[in-house]
Amino acid sequence: MADHRSQGFGADRILLYAVLLCLALLFLLPVYVMVVNSVKPLDEIRGGNLMALPVVWTIEPWLTAWSTAQIGVQPTGLKPYFLNSFLLVVPAVAISTLIGALNGYILTQFRFRGANLLFAAMLFSVFIPFQIVLIPMAKTLGILGLAGTVKGLIFVNVVYGIGFTTLFFRNYYAAFPIELIRSARIDGADFFGVLFRILLPSSGPIIVVTVIWQFTNIWNEFLFGASFSDYSSFPITVALNNLVNSSTGVKEYNVHFAGAFIAAVPTLVVYLISGKYFVRGLMAGSVKG
Amino acid sequence: MATLDLINVQKSFGPTKILHNISISMADGEFLVLVGPSGCGKSTLMNIIAGLEEPSAGELRLDGRDITPLPPADRNISMVFQSYALYPNMTVAKNIEFPLAMRKVEKSKRAERIKSVARLLQIEHLLDRKPRQLSGGQRQRVAIGRALAREPRLYLFDEPLSNLDAQLRLDMRTEIKKLHQRLGATIVYVTHDQIEAMTLATRIAVMKGGVLQQLGTPYEVYNRPANTFVAGFMGSPRMNLIKARLVRNGSELALDIQTGTRPPVRIELPDMPPAMNAHIGSEVIAGVRAEAVDLARPGRVAGPTERAFDARVEVIEPTGADTLVVLDLGGNEFTVRLGPDASLKPGQDARFFVDLAKLVCFDAKTEALIA
């Protein structure tokens, strides 16, 4: 009986690993295709198959994509737009994370009338499709004088991110021991004293989750970027689109692959560095609240 | 140190009253213990003193100054929590320093205070550790140290020993008492453990259902409980409460204890307070502590306030220091505390002496002490 079971278990294991291996290959295939074709001369791509390794290795497409490729009308490469994206993402992530922490603190520690209703409303904002807010947002940016600027994009992404960040921090702080807050208040900490000296220093996991989430979302965001920016303020996603869709000349697929990879590198790095914390933090936040 | 006055403090959530008109005045250096079963309002009262909750009505005075509208930080109060509430991101030293830093105490002075507090509580070797690296007892010391560092007017302790294991609890209890004697601090201490209340308090406030049942010294609360609730709650084993009819027996008073159809057992009473006379002929509840009873060994003569009675032994519970014996007294369970060498057997009939010098009687209807 026991033998039979362990034999069956062994076969199960093999099958399981086979399936997992197939899935892993399936997921890695696009990455492979991108990398392989980004280091090939254009002739090889046009003449051969996409899966083959390059005959002549070259980093020329990467250099072109980075600094000389035609983006719209300018031959600037992705470099300035990559910088734009950083100028957008860093403040947008920082501001939305901080506001999320502040909201979570207020919603959990000051149980004012209507707190739950307010939270439900903020949660609802998470589910509003981007397209619906395009026109009102364009109007708002116009009034604020931020249309077509990186600042405007920061504003849009912060507003749109607050729903998520509030959700994360609120659930995390709901499980935070109330006695710590009370103790800090008796010890003389004021409103921001409690937030900055007690809550935030104990919020490592949820800060990591929020930062990863916001970073990838804002970095990869396209619609707002395409709608609310101009040539000087395009984020990398829009620039990549312009690179790939430029209608003049031949389609330089190897440059496109390299460009796409360049655009994906920061999020990849963020995941590789802190993916471990991401899962851990999601669990921690979801235990209670 | 300071005096604290609670004046008609009330708390209600909507129509539900959590606290009814609590008035307590504490003298300088007093150790007041709020004790009661869970849900009695003792923690709410403590939170109101701390400023963490607002009273619905009433006033709090610290050193005669009205502190009712002040936020917790401005009351000059320290609090030790049941869960210790040590800041997990700070070292022990930083924890102790925190209330000082928040009050912008000079850096050199802070270091000095941390040192002296650490020496007092023998936690000097722990100063660089984080709270999670400490044992329960060590955490408790740090929490107390943090409260001491500020030298507040008033200390609040919210069930500080409940999370410790039994042996440590006894040790820390002694330490807290020592600390109180050394500092002469004014302390309000909440617990549900009546033994902790008895051992620590200079005065005990027994609460139930948001009502202050009795405020008195441990001696008063133990020996002259204000009502049957206090009589049953304070002391282990609990006070024996037996229904009896108060009758006149010549010039003296006597209790007739009757169960079922058996003939009543009459026990003559020594001198009782004059208020008892009003209850002659009616039913009262007689309260006797377990240690007021002794085995009638051969040759032992009853004292002037002792009366003999016979009862059947039901259960024997040796505790080492003494032996608790549960008797069947005319159908009532009656617990007595005898010496450790009492040689009784379950089912045996025996004769006992009960000392009525400390007998208390309660009104059978109101359950209040007749005094």
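Predicted model: local features only at pLDDT ≥ 70, side-chain atom pairs only at ≥ 80, totals over all residues.
Biologist: Why are α7(A) and α10(A) called roughly antiparallel to each other?

Modeller: The axes of helix α7 (residues 150-174) of chain A and helix α10 (residues 204-220) of chain A cross at roughly 155° and come within 10 Å. Angles over 145 degrees count as roughly antiparallel, and therefore α7(A) and α10(A) are given that name. As for the hand, α7(A) passes α10(A) in a right-handed crossing.

Biologist: Which residues in α7(A) meet which residues in α10(A), and what makes them count as meeting?

Modeller: On the side of α7(A) there are N157(A), G161(A), F164(A), T165(A), F168(A), F169(A) and Y172(A), and they meet I206(A), V209(A), T210(A), W213(A), Q214(A) and I218(A) in α10(A). The test for a contact is that the C-beta atoms of two residues, placed from the backbone, lie within 7 Å. By class, the residues of this contact of α7(A) with α10(A) divide into eight nonpolar, five polar and no charged.

Biologist: Why are α5(A) and α7(A) called oblique to each other?

Modeller: The axes of helix α5 (residues 115-125) of chain A and α7(A) cross at roughly 130°, coming within 7 Å. Roughly antiparallel needs an angle over 145 degrees and roughly perpendicular one of 65 to 115, with angles under 35 set aside as roughly parallel and the rest counted as oblique. α5(A) and α7(A) are therefore oblique to each other, and α5(A) passes α7(A) in a left-handed crossing.

Biologist: What do α5(A) and α7(A) bring to their contact?

Modeller: F119(A), M122(A), L123(A) and S125(A) in α5(A) meet I162(A), G163(A), T166(A), L167(A) and R170(A) in α7(A). The residues of this contact of α5(A) with α7(A) divide into five nonpolar, three polar and one charged.

Biologist: How do you know whether T166(A) is buried or exposed?

Modeller: There are 26 other C-beta atoms within 10 Å of T166(A), and the cut-off for a buried residue is 20 or more, so T166(A) is buried. T166(A) lies in helix α7 of chain A, and, not counting residues up to four places away in sequence, T166(A) touches G100(A), N103(A), G104(A) and M122(A).

Biologist: Turning to chain B, what makes helix α2 (residues 92-102) of chain B count as mostly covered?

Modeller: Eight of the eleven residues of α2(B) are buried, namely V92(B), A93(B), N95(B), I96(B), E97(B), F98(B), P99(B) and L100(B). Their cover includes α3 (107-121) and α4 (136-149) of chain B. Just after α2(B), K104(B) takes a positive phi of about 60°. As a background figure, 40% of the 371 residues of chain B count as buried.

Biologist: Why is β14(B) described as largely enclosed by the rest of the structure?

Modeller: Five of the six residues of β14(B) are buried, so the strand is largely enclosed by the rest of the structure.

Biologist: What makes β13 (265-268) and β20 (360-363) of chain B the edge strands of their sheet?

Modeller: The open sheet has five strands in the order β13-β12-β11-β14-β20 (chain B), with antiparallel pairing, and β13(B) and β20(B) are edge strands in that each pairs on one side only. From one strand to the next, the twist averages 40°.

Biologist: How do you know that strand β11 (residues 240-249) of chain B pairs with strand β14 (residues 283-288) of chain B?

Modeller: Two strands pair if there are at least two bridges between them, and six bridges join β11(B) to β14(B), which run antiparallel. Looking at individual positions, the bridge partner of K243(B) in β14(B) is I285(B), while N240(B) has V288(B) as its bridge partner in β14(B).

How values were computed: Residues numbered from 1 in each chain as written. Chains lettered and ligands numbered in written order. Axes fitted to C-alpha atoms, helices over the stretch in contact; angles between N-to-C directions. Helix = DSSP H or I, 4+ residues; strand = E, 2+ residues; numbered from the N terminus. Left-handed = near helix turned anticlockwise from the far one by under 90°. Nonpolar A, V, L, I, M, F, W, Y, C, P; charged D, E, K, R; others polar. Buried ≥ 20, exposed ≤ 12 C-beta atoms within 10 Å, placed from the backbone.
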